[in-house]
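Subject: Structure handover and findings

Hello,

My notes follow below it.

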Amino acid sequence: MAKIKSIQIDGENIVYFNSAIYLFHANSGCTLQLDIIVSEITIKKYTDRESHIIEVELENGSLVTSFMTVNILPGRIPHLNFVSEVEDADEYSELPAVHENDLNFPDIEQGITLEEIRKVEMPYEKVALKLTLPIDQAEWLQQKTKKELNAIFKELLEGRMK
């Protein structure tokens, strides 16, 4: 596999955990494909549009630039797949080729866990709770700011999760 040094999406460097770039040969034609393991935050950021300008710098110094469509691959690990049709496969001779009959696709998820990814970039979700509480507890909660409530529930949940 070609070793990737850096990846830019729409001119912005991204944090990725593993990657593979290759040519995929099928009966229907040839495509340039970039598979990358990223954080859940990156998934949300780059799936708002169907296509992006991708720049991949390889460790050998060469640069692969292409206008590519994005797909989210299912699985437990956040995984983006960028694809672009290729007219002349010889332009990408430094990249490995995979054929549709091959059973050895690049497995970039191996050895990476969601927990490791979240240590680098933890996504945050808004949660709305509807509780039925005694009036004194409800009044006490209503006096707290959003920041105070976030801290209270975070501390409570961390203790309960352990």
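Which residue takes a positive phi in the hairpin of β6 and β7? It is G75, with phi near 150 degrees. That hairpin has 6 residues between the strands. Keep in mind that this is a predicted model.

**The sheet**

The sheet is open and built from 8 strands. Their order is β2-β1-β5-β6-β7-β4-β3-β8. The pairing is mixed. At the edges sit β2 (12-13) and β8 (97-99), each of which pairs on one side only. As background, strands of a sheet pair through backbone hydrogen bonds, either parallel or antiparallel.

**Around β7**

Strand β7 covers residues 79-86. In the sheet order, β7 stands between β6 and β4. Both of these pairings are antiparallel.

- To β6 (residues 63-72), there are 4 bridges. V70 stands opposite F82 in β7. I72 has L80 in β7 as its bridge partner.
- To β4 (residues 29-37), there are 8 bridges. Here C30 is partnered by V86 of β7.

Is β7 mostly covered or mostly open? It is mostly covered, with 7 of its 8 residues buried.

**Around β5**

Strand β5 runs from residue 51 to residue 58.

- With β1 (residues 4-9), β5 pairs in the antiparallel sense over 5 bridges. The bridge partner of I9 in β5 is I54.
- With β6, β5 also pairs in the antiparallel sense, over 7 bridges. E57 stands opposite L63 in β6.

The β5 and β6 strands form a hairpin too, with 4 residues between them. G61 sits in that turn and has a positive phi of about 95 degrees.

**Salt bridges**

How many salt bridges does a search of the whole structure find? It finds 5.

K5 is in strand β1 and E57 is in strand β5, so the pair ties together parts that are 52 residues apart in sequence. K5 counts as exposed because its relative accessible area is 54%, over the 50% cut-off. E57 is partly exposed, at 28% relative accessibility.

K45 belongs to helix α1 and E12 to strand β2, 33 residues away in the chain. K45 is partly exposed, with a relative accessible area of 39%. E12 is partly exposed as well, at 36% relative accessibility.

**Surface patches**

Which residues gather in a patch of negative charge on the surface? They are E85, E87, D88, D90 and E91. D88 is found in the loop between β7 and β8. D88 is partly exposed, with a relative accessible area of 34%.

There is also a nonpolar patch on the surface. V127, L129, L131 and L133 form it. Together they have about 390 Å² of accessible area. L131 lies in the loop between α2 (114-120) and α3 (135-142).

**A contact across the sequence**

One more pair for your list is E116 and S39. They are 77 residues apart in sequence. In space, they are 9.8 Å apart, C-alpha to C-alpha. E116 has its place in helix α2. At 40% relative accessibility, E116 is partly exposed.

Best regards

How values were computed:
Residues numbered from 1 in each chain as written. Predicted model: local features only at pLDDT ≥ 70, side-chain atom pairs only at ≥ 80, totals over all residues. Heavy atoms only, no water. Pairing = 2+ DSSP bridges. Helix = DSSP H or I, 4+ residues; strand = E, 2+ residues; numbered from the N terminus. Patch = residues over 30% accessible without salt bridge, like charges linked within 9 Å, V, L, I, M, F, W, Y side chains within 5 Å. Areas by Shrake-Rupley, 256 points an atom, 1.4 Å probe, with all protein chains shown as cover. Salt bridge = Lys/Arg side-chain N within 4 Å of Asp/Glu carboxyl O. Lys, Arg positive; Asp, Glu negative; His and termini not counted. Charge placed at Lys NZ, Arg CZ, Asp CG, Glu CD. Buried < 20%, exposed > 50% of the residue type's maximum accessible area, 1.4 Å probe, protein only.
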